[in-house]
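Open the model in a viewer and keep the selection panel at hand. The stops below go from the charges to the overall fold and then to a few side chains.

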Amino acid sequence: MMPLTFAKAGEENIIKKIGGTPEVKKHLSDLGFVVGGTVTVVNTLGGNMIVNVKDSRVAIDKQMANKIMI
């Protein structure tokens, strides 16, 4: 298991765990980041990431990406 920040662009990964406070977990869940779901890194720009999750593109910062374990 590793944080999403270590994923390579274009590689599809399965979300294994989501960390953080209950508020952070709810926010990520609302964006589509759920355990068992897939996430693909599209691009990384200055530590921030653009990812495909549930057929939509989402931009998240490095702190949020570190809470998503793949």
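Start by selecting the charged side chains: the mean positions of the 9 positive and 6 negative charges of the protein lie 6 Å apart. Lys and Arg count as positive and Asp and Glu as negative, while His and the chain ends are not counted. Each charge is placed at NZ of Lys, CZ of Arg, CG of Asp or CD of Glu.

This is a predicted model, in which local features need pLDDT of at least 70 and side-chain atom pairs count only at pLDDT 80 or more, whereas totals for chains, interfaces and linings use all residues. Residues are numbered from 1 along each chain as its sequence is written, and side-chain values use heavy atoms, with hydrogens and water left out.

Next, switch to a cartoon. The protein has 2 helices and 6 strands, arranged along the sequence as β-β-α-β-β-β-α-β. Both kinds of element are DSSP runs numbered from the N terminus: helices are H or I with at least four residues, strands E with at least two.

Show the C-alpha trace alone. Along its principal axes it spans about 30 × 25 × 25 Å. The radius of gyration is 11 Å, in agreement with the value near 11 Å for a compact globule of 70 residues; it is taken over C-alpha atoms, and the globule rule is 2.2 Å times the number of residues to the power 0.38.

The accessible surface comes to about 4,300 Å², with 53% of it belonging to carbon and sulfur atoms; areas come from the Shrake-Rupley method with a 1.4 Å probe, and for residues only the protein chains shown count as cover. Of the 70 residues, 33% count as buried (buried is under 20% relative accessible area, exposed over 50%, partly exposed in between).

Select Asp30 and Lys26. Their side chains meet in a salt bridge at 3.1 Å, N to O, and the count for the protein is 1 salt bridge (a side-chain nitrogen of Lys or Arg within 4 Å of a carboxyl oxygen of Asp or Glu). The two residues are 4 apart in helix α1 (residues 22–31), so about one helical turn separates them. Asp30 is exposed at 55% relative accessible area, and Lys26 is exposed at 52%.

Last, select His27, which also lies in helix α1. His27 is partly exposed, at 40% relative accessibility.

Definitions and conventions: Buried < 20%, exposed > 50% of the residue type's maximum accessible area, 1.4 Å probe, protein only.
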